[in-house]
Amino acid sequence: MLLTLTVVFINSAAIHGQGLVSYVQPMCGTAPSTTKSAVKHGVGTELNANTIPAVTLPFAMTQWTPETRQSETKCQPPYVYQDTVLTGFRGTHWLSGSCTQDYGSFTIMPVSGHLKIKVAEYRTHYSHQDEVCTPYYYSLLLRKYQVKTEVTATLRCAMFQFTANKADSLYLLITPNSDRGESFIKVDQQKGLIWGYNPAHRIYQGWGNPAGFSGYFVIEVQRGFKKGVVYRDGKILKTDTVHYGEVGGYVGLYLKTGEQLRIRVGTSFTSLNAALANLKAEIPGWDFEALKTRNQQRWESALGQIMVKTSDVKQKKIFYTALYHAMQHPRLFNDVAGTYPRFAGNYQIEHLSKGNYYDDFSMWDIYRGQLPIFEILNPQLINDCVRSMILKGQQGGWLPIFPCWNSYTAAMIGDHGTAFIASAYVRGIRDYDVNEAYRLMHKNAFEQSAGQDYKDGKGRRALDSYLKFGYIPMEDSVPEAFHKKEQVSRTLEYAFDDFALAQVAKGLHKTKDYQLLLKRSLNYQNVFDPSVGMARGRYQDKHWYQPFKPTSKEPYITEGTPQQYTFYVPQDVKGLAQRMGGAKMLEKHMDKLFDSGEYWHGNEPGQQIPYMYNYTGSPWKTQARVQQILEDEYSDGPGGLSGNDDAGQMSAWYVLASLGFYPLNPATSQYLLSSPIFDGYQIKLPSGKQFRVVTHRQSPRSVYIASIKINGKVYTANYIEHGVITKGGVMDVYLSDQPNKSWGVKAKDQPASITQ
């Protein structure tokens, strides 16, 4: 713990005075979580936030990280804080905060003195005290080689700067990280370029099959190199090109003491030539400091869309680190020329007519909070993302459930590509073909894919059972899925997705579809057992699964327990309350969950639960619970994130909750209110307007909402509409030490629900 605190202090001191970016701690989440619920409920990889100290720009194609783990193995990020040995600096496509795998990556390792090409020989110990880590810049002194390595990055490219602390030979080893031995590298000494690629492979459905594209890269050395060689399986070859096997290449130069060498690196998912074109467009010069400054300014601008006011430096660190993590994905996939690999294709190249193309949508996670942040901050990005989803559906035939690696995956449950598009639609973000989006969403909701399409991950899993019974019975084990069984969780999530699609149907005046989908959105009732007051596995003949273990991880629940998942009814909280026996019983069930320590913040389906008190007579409990979670589950050290960050959703929850609002049901335009933790903040809107919040506290301990005013008028609802935020204005929040038990409790002041 002392070392952790020392590292944070050193890094913060090193970048003091650089504005908001100085509060970002990229190391947060690179060590196992130390938070309360993670320690209790997490196990194995679920204890790790799995973030990396990424040098990047928001939503970039490629991130750049020190590498302590070499392979592209599932659930193994390229950098782990506890590791003490470094093997290079990786251009990575790791899905930030996930338990998935890297793809199309490559590694650059500087080695001085005698040439070494075997990992066991060239890897080296390093110290956190020698690192400087920011979103736009990373440096590390490798004491063994007396070489300082620095890197800064643009959307698709990077520049490295190597400084020799002593006069010696310097070798740059380049390794395309193909675990399958399929990579390629060419060292072109005449042009001063190193070319390479690493083919991507699918994960989950179609596991191991080619993903239909590669991670391409080109490296340009600032000055000519006298020696350029390729090797395979630890043996140097008498050629400039090598393909297949454990391959790599290197260039050798001599540096004097204090001399610097720079390289520029371009990446692409379409071709080697596109990687070079991206490089020429994004980094035309060799001025490292100027590029570093521009990238810093890009981050300052991005982070500065939300300016928080507080004297608590730790809160600022956690907030801006969370915002940084929320800006890692989705991933930019197209070149500067608009070319990108066809979705679920076979090395076919497509060309955009407008905007950008994105992939790596960890959709089961990010539709809840991470994407909604940018529905406020960056609607243009959201339009691009929806257009990207539509293109995927057109090219692959089905709207993907969880598109990653530019492929179908069926990785998680639900159909939340639909939820995401509906979320954008209800907020008025519609710069895309709405009718085509609806066609694809409707197909997912009403048609079961068959044969190879189904095996390939297209369409909803077990949709036939869901449509036939109104729930997925225990007899259907959902064999063609990475997450098999989990019938109750699937039923609950499909019911929500049906609600989401119903909102689009309503907007398009498709009355018949709207009524049918709204009816289907009540299917959660079919797996709710009133005798136990919880969701429960059920058979085709409608008898319940035995034995019932409410606090155990059961086969019909996804990554959780029946008690935790019962609350996943964001479309009809009041209806769920009725099933439990009324709003007071809903409140008691939630009290029991929290008071017994069964609330697990590290699992996304429960993250809306603390806000559900806004549907009861005690919205003050939302304010208290959210405050406690913010304190318990987030910190500013390497272990300060609770469970997998999942492409930024865990971090996004902090961003929203700390500001005092959260989209419990993203398929409506409402955000449920809680207490902001800051003295105030302002959101700079794309329109040029600002939404400001001013917090008035009775004392430093005040966490309860006494009253609210918006633009000077008393506001009594315990939710706020999207349009109120995006129009700009001022919200004054008055907080007290004791709860105001009459605020926000009337039916007219409560959020939307199917059941009124």
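Predicted model: local features only at pLDDT ≥ 70, side-chain atom pairs only at ≥ 80, totals over all residues.
## Basis

Local features need pLDDT of at least 70, side-chain atom pairs count only at pLDDT 80 or more, and totals for chains, interfaces and linings use all residues. Residues are numbered from 1 along each chain as its sequence is written, and side-chain values use heavy atoms, without hydrogens and water.

## The six-stranded sheet

Six strands form an open sheet with mixed pairing. Their order is β19-β28-β29-β33-β30-β31. β19 (306–309) and β31 (713–715) are the edge strands, each pairing on one side only. Strands here are DSSP runs of E, at least two residues, numbered from the N terminus; two of them pair if DSSP finds at least two bridges between them. Neighbouring strands are turned by 20° against each other on average, direction ignored.

Within this order, β29 (residues 690–697) and β33 (residues 729–736) run parallel. Seven bridges join them. H696 stands opposite Y734 in β33.

## The α11–α15 pair

Helices are DSSP runs of H or I, at least four residues. Helix α11 (residues 434–446) packs against helix α15 (residues 511–520) at about 45°, with axes 13 Å apart. Axes are lines fitted to C-alpha atoms over the stretch in contact, and angles run from 0 to 180 degrees between N-to-C directions. The two helices are therefore oblique to each other (under 35 degrees is roughly parallel, over 145 roughly antiparallel, 65 to 115 roughly perpendicular, the rest oblique).

Contact means heavy atoms within 4.5 Å. α11 contributes Y438, H442, A445 and F446; α15 contributes D513, L516, L517 and R520. These contact residues divide into five nonpolar, one polar and two charged (nonpolar: Ala, Val, Leu, Ile, Met, Phe, Trp, Tyr, Cys and Pro; charged: Asp, Glu, Lys and Arg; polar: the others, Gly among them).
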